[in-house]
Amino acid sequence: NHDIEFEDRSLSFPARTRIGNLAVRTHDVTFPFTKPIPITLETRLNETGSVSAEGQVVVQPLTADLTMVLKDIAIQPFEPYVEPFARIAVDSGAIDLDGVLHFASEHPKGPLIDFHGNLGVKALAIADRDEGHPVASLKQLQFNNIALTLDPTNVMIEELSINQPTVHLAIDRDGVSNIKKLLSPVKPVQGPQTSERAAPRTKKAPPPSIAIKTVKVLKGTATFQDESISPAVQTGLYDLTGTVKGLSSKQIARADVDLSGKIDKVAPLKIAGTVNPLTEDAFSDLTIRFDNVDL
C-alpha cells in the first residue's frame, strides 16, 4: 500500500505521475541471489489505470520473465513528453496492454527484449494545443497478436484494426495547414568540435523487420477545409471501410488494398491496388474511382 509521486522537471512542461496502492510480493528468497526470484506486482497509475505483473527475476545477469496487464492507462499525463515533437493537446485516450515479456541484459544468442501480446488505444482525441481545434480522434486502435523483439528489432502484427478514425485537415487564410502548425520548430544541433582525429565510423545496424498481416479500417473520416481561397472549400471523405493485407518492410512485398467510402457523404469512392509504404523505396499502384462528386 505504497504511494509514489514522480515529477519530471527536465521537460518544458513538467510531467507528473502518481503510483498508488503499490504492492510487491515475493517468497522463498535466498542470499546470495543464485536462484530466480518470484515476484508479483500490483498498482494504480494516475488514479484511473491499473498495472499488474507476475513472474520471476534473475539478479545476475539481470533477466526477467513477466506476464503483464495494463488497463485504462490515461495518455494525457504523458503529454509533456510529446512537446518536443508536436504542439498537441491530448483531450482523452487510454491504453490497454496484455502480454508476456522477456528481458535479458546479456543476450549473445537472443534479443534484449521479447514481447508477445496485444495493445489497444481507446477513445483518443487530439487537438491543436494553441488554438484548441480538434485534429484527430478514434474510437479504438487495436494491435492483435504482436510479436516484438528489440536488438535486433523485429515486429510482427497479426491484425491492426482502426475503428472510426477521424482526421481534420485545414488550411488557414495565410495558406498554412493545421498539420504544419502542430510541428514544433526543431532546435539546431551544434556540430561537434573539430579534432585532429576523425571519430570512428560505427557499424550501421540492419533495418528493422516489420510485417502487418491485416489492417482493418472501419468508418474512417477525413474532413478538409481551405480558407486560403474565396469562397472557402469544404469537403470530406466518410465511411472509409476496408482492408490492407500483407504490409511488410521487405522490398519485394506488396500489400493488397481494398477500401471504399463516400465523398461528401453521397458520392461513392473505391480504392484498390497494391502498396508498400514500409520500405525505403515506397511503392504504390492504386486505382481510385469516384462518381457524382458535386463540383
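Biologist: Which residues line the second largest pocket?
Modeller: Its lining is Leu-169, Ala-222, Thr-223, Phe-224, Thr-235, Gly-236, Leu-237, Ile-263, Leu-269, Ile-271, Phe-290 and Val-293. S11, strand S12 (233–248) and strand S14 (267–276) each give two or more of the lining residues; strands are DSSP runs of E, at least two residues, and helices are runs of H or I, at least four, numbered from the N terminus.

Biologist: What should I know about the model itself?
Modeller: This is a predicted model, where local features need pLDDT of at least 70, side-chain atom pairs count only at pLDDT 80 or more, and totals for chains, interfaces and linings use all residues. Residues are numbered from 1 along each chain as its sequence is written, and side-chain values use heavy atoms, with hydrogens and water left out.

Biologist: Changing topic, where is Thr-17?
Modeller: Thr-17 is in strand S2 (residues 15–25).

Biologist: Why does Thr-17 count as buried?
Modeller: Because its relative accessibility is 15%, and buried means under 20% relative accessible area, with exposed over 50% and partly exposed in between (1.4 Å probe, protein chains only).

Methods. 1 Å grid on protein atoms, 1.4 Å probe; cavity = no way out; pocket = protein on both sides within 12 Å on 5 of 7 lines; lining within 4 Å.
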